[in-house]
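Student: Can we go through the salt bridges in this one? Keep it quick.

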Amino acid sequence: MRVLIYHQDADNWRRILSERLPEAEFIVAAERDNPQADYLVAWKPPANIFDEQRTLQGIVNLGAGVDALLQNPSLPRDIPIVKLRDAGMGELIGDYARYGVMHFQRDFDCYRRQQANREWREQPLIDKPDWGVGVLGLGAIGTRVAQMLAADGYPVHGWSRSPKQIEGISCHHGDAGLDTLLGQVMTLVTLLPDTPATRYLIDRETLAKLPAGASLINPGRGTLIDETALLEALGSGDDETSGRLRGALLDAFPTEPLAAESPLWRHPRILITPHMAGPTPLGAAADQVADALDALSMGKPIATIDPEAGY
Ligand code: GLV
């Protein structure tokens, strides 16, 4: 089997995948004139790759989100696509979410501002059992994140499109379920895939359903959030009480890198990180990629994405 690899770290992927599947031929994709391959292993491949590659029998997406791949108009519709499932990203994103939840629950945002004013004042503590956390999206990553936050002692509410049952998590689904969840959470963590159904789900109406003083953490996709509504809900002051929404920790943006002129950079109650919440650990991911290539080439059963649903 011949496998074409497209990734910024393709040489490393080639090395690590060759160790796992020594009989396969791995080729690092060049800009053009690549030989015809049986499988493509890629993260955000260039638009023309599917015009060039005519014999592909399957694709392995080197990430959890398939939005970038599905937006390619030349993507063949009749071949299986396998994506990474958790592969170590869940725990990293879980740590990111825990940092964010504690930032707000333990008032580190207030203390940062107080320090700037040399103000020594202890804030009244809201205990973990009274600090509901919502996790939107209960795929492999969302589930792991929800479980980590629940293990920390927060009451965790999860939301997904279809009904789910996860031990220790109050699971909700559908429009009514979303409203129920929003009313009970002090921090909302968004981990939904980018699909037509989730785009700008966090808009003015959704934000208005959160309790006053709630906070938002988005390690998912930038397109989940209506930025104008977010800025409006935050208000303009640097004091935590100046808007309905207390603060936001954002890792993903509709266009990355985030433009220098974006007002998000300058807002005193927005924390910005450069899409670093869940880097893909090579080892765990390589095991999944090797298993996927083995299953695809041997006709063994393997979970593939549903292009219509978008995940
Ligand atoms: C990263 O954003 C991914 O989808 O894996």
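Predicted model: local features only at pLDDT ≥ 70, side-chain atom pairs only at ≥ 80, totals over all residues.

Student: How many salt bridges does the structure hold?

Tutor: It holds 15. The criterion is a side-chain nitrogen of Lys or Arg within 4 Å of a carboxyl oxygen of Asp or Glu.

Student: Which side chain does Arg121 meet?

Tutor: Glu119, at 2.8 Å from N to O. Arg121 is partly exposed at 44% relative accessibility. Glu119 is partly exposed too, at 29%. Buried means under 20% relative accessible area, exposed over 50%, partly exposed in between (1.4 Å probe, protein chains only).

Student: What about Arg204, what does it pair with?

Tutor: Glu232, with the closest N and O atoms 2.9 Å apart. Arg204 lies in helix α8 (residues 204–208) and Glu232 in helix α9 (residues 227–234), so the bridge ties together parts 28 residues apart in sequence. Helices here are DSSP runs (H or I, at least four residues), numbered from the N terminus.

Student: Is Arg204 buried or exposed?

Tutor: Exposed, because its relative accessibility is 52%. Glu232 has 45%, so it counts as partly exposed.

Student: New topic. Which residues are linked in a network?

Tutor: Asp95, Arg98 and Asp152, through salt bridges.

Student: And how far apart are Lys300 and Asp294?

Tutor: Their closest N and O atoms are 2.5 Å apart, in a salt bridge. Lys300 is partly exposed at 42%, and Asp294 is partly exposed at 27%.

Definitions and conventions:
Residues numbered from 1 in each chain as written. Heavy atoms only, no water. Helix = DSSP H or I, 4+ residues; strand = E, 2+ residues; numbered from the N terminus.
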